[in-house]
Amino acid sequence: MNTTHIYLHPEFTIAPVDQRLFGGFLEHLGRAIYQGIYQPDSIHADENGFRRDVLAALKPLRLTTMRYPGGNFVSGYHWLDGVGPKTERPTLNDLAWCSIEPNQFGTDEFLKLCRLMDWQPMLACNLGTGTPEEARHWVEYCNLPAGTKYADLREKNGSKDPYAVRFWCLGNEMDGPWQIGHVPAKEYAIRAQQAAKMMRDADPAIELIACGSCTVDLPTYLDWDHTVLEQLGDFADYISLHRYAENKDGNLPEYLASTRGIDRQIEEMDAVCRFVQARRRSSKRVYLSFDEWNVWYRTTGPEFTNGRGKFAAHLLEEEFDLADALVVAGFLNSFIRHADCVKMANLAQVVNAIAPILTRGNELLLQTTYFPLLMAANRRKGISLQVKVDGPGYETEKFGAVKFIDASVILDGNRLNVFLINRSVEEPVPIRLECLGRIKEVFSAEVLSGPSAVSRNSFENRNVICNRPLNLVHVQNGAAELTVPPLSFSAVSLDLV
Ligand code: AHR
């Protein structure tokens, strides 16, 4: 295979990489909360009932923001059901996942967990069956000093000081016909505007995320966003987008090219934001919050109702392979390349439900998709650089021509952090990386690859796919040369003179 040339210039920057791009999402869904994060009867439970083993596995990923409590769940959720003495909290039917919800984990438990894990909470309010006023009361409960009804309730429940929750989602996927309380764009926008005004009046410091199009596949794609942004005006700080990549037809090269689809979705959503900003003659730019993203296609459809009448059912427990991990890395590359307009992103989700971590009884498994996140965790600070990739590639049906190498680069002081996906199914790709002749030495280099696209880790065989050192990265005459294996993700840190 011909060499792929990558050209960089430290002055050709895109934007600082917002660390909130590396957030997560925890929903009351299947075993994400119960038996995932929270399991008081586990041998791993701490004094709060949180599973120490799960938290220890999440810690190295250095997730920044954590979205909660849904997802589809939130559109039928009343936050008051989840606060106060646990014995007095109601057990309810959750309509989103057809499950039994005992409300043993709620706002105070989640916010305590965020403190423990150093996560910035991102709460989604219920704009399905909830009222704008209920959302405003939740802001009061979380953020206002004691002295009024809901702030006093927080104090009574054990938290004297306000939690200062800064990020609030105005509902979840309200454009989706599956959503509880789904309404047309105009109606959602009015509801969201009413909520936004009261929530912001309660606490002017909060930042609000409007529900944008949750998939490119609905007929309302982009029209929805246009309507919502026009109506919300300056109340919207961000608009959300979601994406779950899939390989239902088993076409690997096409699947690996989904990164192009992610790029395109981001650029289209940003275009609507810029269009509405210009039409409104507003100086305020609305940024993108990619607050649900992942690979997810094996456990969709009829599986949704498997929880009927059950508590903590096995739902959406997707088992990921090497190809999925490369697509997850592709999401990260795309976010970094679009650091100028995407400011937040949340992996959906973090444990058991569509997650890099699975629990089974007292055991825990790190799935393939854990590793790209881990490899990026200590390499993601800095400024995203424009990346010129010149090399061979292939044609796809949905995404046109793609290169074998998909890349993103972050400049952190004098260090280049380079992320490289090799989409070639069979061939290693030689790469030459240039940055004005200034590359001095290799600081570190790791690779994720494996025997085949469908290789995965299991409880029986845990270390099939994990990050390993990438050898043979050479620096010569100020440029770096390396060869990346087929179907791989590499993270290479290089120091500049
Ligand atoms: O993450 C699983 C589900 O995907 C969420 O509940 C919903 O928002 C999306 O459709």
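Biologist: Why is Asp 406 called buried?

Modeller: The relative accessible area of Asp 406 is 6%. Buried means under 20% relative accessible area, exposed over 50%, and partly exposed in between (1.4 Å probe, protein chains only). Asp 406 therefore counts as buried.

Biologist: What kind of model is this, and how are its parts counted?

Modeller: It is a predicted model: local features need pLDDT of at least 70, side-chain atom pairs count only at pLDDT 80 or more, and totals for chains, interfaces and linings use all residues. Residues are numbered from 1 along each chain as its sequence is written, and side-chain values use heavy atoms, with hydrogens and water left out.

Biologist: What makes Arg 423 and Asp 406 a salt bridge?

Modeller: Their closest N and O atoms are 3.3 Å apart. A salt bridge needs a side-chain nitrogen of Lys or Arg within 4 Å of a carboxyl oxygen of Asp or Glu, so the contact qualifies. Arg 423 sits in the loop between β20 and β21 and Asp 406 in strand β19 (residues 405–412), so the pair ties together parts that are 17 residues apart in sequence. Helices (H or I, at least four residues) and strands (E, at least two) are DSSP runs, numbered from the N terminus. Arg 423 is buried, at a relative accessible area of 3%.

Biologist: Which residues are linked with Asp 406 and Arg 423 in a network of salt bridges?

Modeller: Arg 260, Asp 263 and Arg 337 belong to that network too. The rule gives 33 salt bridges in total.

Biologist: How do you know that Arg 31 and Glu 317 form a salt bridge?

Modeller: Closest N to closest O is 2.7 Å, and the pair is listed as a salt bridge. Arg 31 is in the loop between β3 (23–25) and α1 (52–58), and Glu 317 is in the loop between β11 and α9 (322–337), so the pair ties together parts 286 residues apart in sequence. Arg 31 and Glu 317 are both buried.

Biologist: What about Arg 200 and Asp 237: buried or exposed?

Modeller: Both are buried. Their side chains meet in a salt bridge at 2.6 Å, N to O. Arg 200 lies in helix α5 and Asp 237 in the loop between α6 (223–232) and β10 (238–245), so this pair ties together parts 37 residues apart in sequence.

Biologist: Why is strand β26 described as largely enclosed?

Modeller: Nine of the nine residues of β26 (residues 488–496) are buried, so the rest of the structure largely encloses the strand. Ser 488, Ser 490, Val 492, Leu 494 and Leu 496 point one way; Phe 489, Ala 491, Ser 493 and Asp 495 point the other way.

Biologist: What makes β20 and β26 a pair?

Modeller: Strands pair if DSSP finds at least two bridges between them. Strand β20 (residues 415–422) and β26 have eight, in the antiparallel sense. Phe 419 stands opposite Ala 491 in β26. Strand β22 (residues 439–448) also pairs with β26 in the antiparallel sense, over eight bridges. There, Val 447 stands opposite Ser 490.

Biologist: What makes the side chains of β1 alternate?

Modeller: In β1 (residues 4–7), Thr 4 and Ile 6 point to one face and are buried. Four bridges join β1 to β21 (residues 429–434), and the two run parallel. Three bridges join β1 to β16 (residues 388–390), and these run antiparallel. Ile 6 has Val 389 as its bridge partner in β16.

Biologist: Why is Arg 281 called exposed?

Modeller: Arg 281 has 73% relative accessibility, so it counts as exposed. Its phi is near 50°, a positive value in a residue other than glycine. Arg 281 lies in the loop between α8 (258–279) and β11 (287–295).

Biologist: And Glu 173: buried or exposed?

Modeller: Glu 173 has 9% relative accessibility, so it counts as buried. Glu 173 has a positive phi of about 40° although it is not a glycine.

Biologist: Why is His 182 called partly exposed?

Modeller: His 182 has 33% relative accessibility, so it falls in that class. His 182 is found in the loop between β8 (167–170) and α5 (185–202). Its C-alpha atom is 6.5 Å from that of Gly 128, 54 residues apart along the chain.

Biologist: What is the omega of the peptide bond from Tyr 68 to Pro 69?

Modeller: Omega is near 0°, and the bond is cis. A cis peptide bond also joins Gly 70 and Gly 71, with omega about 15°.
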